[in-house]
Amino acid sequence: MGSSINIAIGSLAMVSQLIGTMLRDELDPNTQEHRYFSLASATTFFAGVTQTALSLGFQIDFLSHATIVGFMGGYHCSSAT
């Protein structure tokens, strides 16, 4: 069907892949394993703090289906390139 090496079903998996792609652009996980792990841990920690502070888990229920489909479509377009 597609040529992407990654598969994502759902918005959480997409965000995880986007963060992983962003981190791989900054650091090589094979040569700088400790720094990569530290940066990934810090990124996920601050994302969790932000989500908790803004209560996005509760507010996500009020997003329309079209908004979520648009987010997922945008991700798939960015992963195809």
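These are my notebook entries on one protein chain and what I looked up in its structure.

**Entry 1: model and confidence**

I am working from a predicted model. I checked confidence before anything else. The protein chain has a mean pLDDT of 75. I noted that 68% of its residues reach 70 or more. Among the elements, helix α2 (residues 33-54) has the highest mean pLDDT, 83. Helix α3 (residues 56-59) has the lowest, 63. Where pLDDT is low, the predicted coordinates should not be read in detail.

**Entry 2: overall make-up**

I looked up the secondary structure next. The protein chain has four helices and zero strands. From the N terminus on, I read the order as α-α-α-α. Then I turned to burial. The chain holds 81 residues, and buried ones make up 10% of them. Its accessible surface comes to about 6,400 Å². Carbon and sulfur atoms account for 66% of that surface. I also checked how far along the sequence the contacts reach. I took contacts between residues at least 6 apart in sequence, and 47% of these join residues at least 24 apart.

**Entry 3: Val15 and a nonpolar patch**

Which residues make the nonpolar surface patch of about 220 Å²? I found Val15, Leu18 and Phe71. I followed up on Val15. Val15 sits in helix α1, which covers residues 11-26. Its relative accessibility is 35%, so I logged Val15 as partly exposed.

**Entry 4: Arg24**

I stayed in helix α1 and picked Arg24. Arg24 has 41% relative accessibility and therefore counts as partly exposed. I set aside its neighbours within four places in sequence and asked what Arg24 touches. Arg24 is in contact with Pro29 and Tyr36. Tyr36 is twelve residues from Arg24 along the chain. I read 8.2 Å between the C-alpha atoms of Arg24 and Tyr36.

**Entry 5: Glu26**

Glu26 and Leu39 are 13 residues apart in sequence. Their C-alpha atoms are 9.8 Å apart in space.

**Entry 6: aromatic rings**

How many aromatic pairs does the structure hold? I count one aromatic pair. Phe45 and Phe46 form it, with ring centres 5.3 Å apart. Their planes stand at 70°, so I logged the pair as edge-to-face. The cut-off for that label is over 60 degrees. I checked exposure for both residues. Phe45 is exposed, and Phe46 is exposed too.

Technical notes. Residues are numbered from 1 along each chain as its sequence is written. This is a predicted model: local features need pLDDT of at least 70, side-chain atom pairs count only at pLDDT 80 or more; totals for chains, interfaces and linings use all residues. Side-chain values use heavy atoms; hydrogens and water are left out. Patches are made of residues with over 30% relative accessible area and no salt bridge: like charges are joined within 9 Å, nonpolar side chains (Val, Leu, Ile, Met, Phe, Trp, Tyr) within 5 Å. Accessible areas come from the Shrake-Rupley method with a 1.4 Å probe; for residues, only the protein chains shown count as cover. A salt bridge is a side-chain nitrogen of Lys or Arg within 4 Å of a carboxyl oxygen of Asp or Glu. Helices (H or I, at least four residues) and strands (E, at least two) are DSSP runs, numbered from the N terminus. Buried means under 20% relative accessible area, exposed over 50%, partly exposed in between (1.4 Å probe, protein chains only). Contact means heavy atoms within 4.5 Å. Rings of Phe, Tyr and Trp (its six-membered ring) pair if their centres lie within 6.5 Å; planes under 30 degrees apart count as stacked, over 60 as edge-to-face and the rest as tilted. pLDDT is the predictor's confidence in each residue, from 0 to 100.
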